[in-house]
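Biologist: Please take a close look at one part of this model, the place where the two chains meet. One connected answer will do.

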Amino acid sequence: MDPILRSLAVYAFLLILFRLSGKRSLAQITTFDLILLLIVSEATQQALLGDDFSITNACIVILTLVVVDRTMDLASAMSPPFGRLLNGTAVILIENGEQHAGRMRRLRISTDDILEQARTNQGIERLDQIKYAVLERNGAISVVPA
Amino acid sequence: MYLAVHSDDSSDATGRLLLVARVSRVGDLEINQDLDLERREWKARNVANVLLGLALVAAALGLFGSGVLSDASVKSDGASFAVEYDRFLRFGAPATVHVELTSGNDEANVSLSRSYLEQFDIRSIKPTPESVTALPDRLVYTFKYQPPARVDFNLLPRHIGRQRATVIVDSDDAATFSQLVYP
């Protein structure tokens with residue numbers, strides 16, 4: 001029971017923490033974002049396994065996490081409101097070339113962030129070449145050229 | 001925003017109704033966005049940031065162990081010894097209970113309640129006791145000492161929750177304290 005409870009507790013904590021810290025934290029924008037996620041995974045591993053390094057314990061932990069994750073997916077599919085609460089929704093940042101400054105400010109996304117994604121994914125040079133920019137649920141910014 | 005459709009799974013004989021999101025349209029973009037939810041998330045995020053900051057400050061101060069808020073001491077009823085301990089412990093993290101012997105002769109019998117010791121693994125005791133006697137309700141450790149002297153019990157919590165301890169020295173002076181073990 002102990003490894004199951006540990007796994008559930010850590011899963012719930014990480015889910016709530018990253019849900020509340022915003023979409024961008026999962027998108028690994030900077031090198032340090034990636035380093036932070038690596039450190040989090042190291043700290044999580046210690047909490048999940050405790051001092052039991054048996055294969056059985058590892059399998060129980062992995063099984064618990066996979067089952068919980070599948071259950072969340074199923075619940076999201078069966079209840080779209082729950083799915084939106086769990087995963088959020090996409091947000092339009094630029095619409096027909098006009099920036100939604102309030103949304104960008106709340107989501108802590110700058111014009112530079114959008115231009116970086118536009119250059120990386122679409123080879124776009126200027127803002128006026130962007131028709132739509134959307135912050136997706138996974139924290140990535142997708143750009144539709146004009 | 002949602003519409004109910006019949007399941008198109010040919011193996012599904014029940015003809016279940018499924019709730020699927022109707023895709024909205026913003027200009028030329030078909031997208032489901034919920035700006036109300038986004039605003040509520042933003043407010044929740046601001047509150048969460050404050051709470052996380054407070055939690056970090058509380059952790060630094062020792063609310064979750066090892067710090068000013070956690071350090072505690074208690075004098076015995078007869079003032080012949082004192083116990084220094086941590087109010088807050090964490091499961092599996094080493095903790096030390098110090099018993100300060102301030103009076104008495106060259107041998108002391110320090111006992112800890114059995115109900116307390118059963119919640120911990122004893123990692124070490126300094127100094128090494130001359131002998132250990134097991135009684136029904138406590139373990140009695142006999143030390144040679146010259147006052148003032150200190151005995152350290154290095155323990156590893158093995159159960160979470162509130163743990164209460166009674167320390168008795170020479171069967172006639174006692175001190176009690178409690179600790180909270182976080183998971």
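Modeller: Across the interface of chain B and chain A, the rule finds five salt bridges, a salt bridge being a side-chain nitrogen of Lys or Arg within 4 Å of a carboxyl oxygen of Asp or Glu. One of them joins R158(B) to D51(A), with the closest N and O atoms 3.2 Å apart. Helix 1 (residues 35-61) of chain B supplies ten residues, the largest share of the side of chain B that touches chain A; helices here are DSSP runs of H or I, at least four residues long, numbered from the N terminus. Sorted by class, that side of chain B has 13 nonpolar, three polar and seven charged residues. Nonpolar covers Ala, Val, Leu, Ile, Met, Phe, Trp, Tyr, Cys and Pro, charged covers Asp, Glu, Lys and Arg, and the others, Gly among them, count as polar.

This is a predicted model, in which local features need pLDDT of at least 70 and side-chain atom pairs count only at pLDDT 80 or more, while totals for chains, interfaces and linings use all residues. Residues are numbered from 1 along each chain as its sequence is written, chains are lettered from A and ligands numbered from 1 in the order in which they are written, and side-chain values use heavy atoms, with hydrogens and water left out.

In total, 23 residues of chain B are in contact with 27 residues of chain A, contact meaning heavy atoms within 4.5 Å. Between chain B and chain A, about 2,200 Å² is buried, and carbon and sulfur atoms give 56% of that area. Buried area is the accessible area (1.4 Å probe) that two parts lose on being put together, summed over both.

Definitions and conventions
Helix = DSSP H or I, 4+ residues; strand = E, 2+ residues; numbered from the N terminus.
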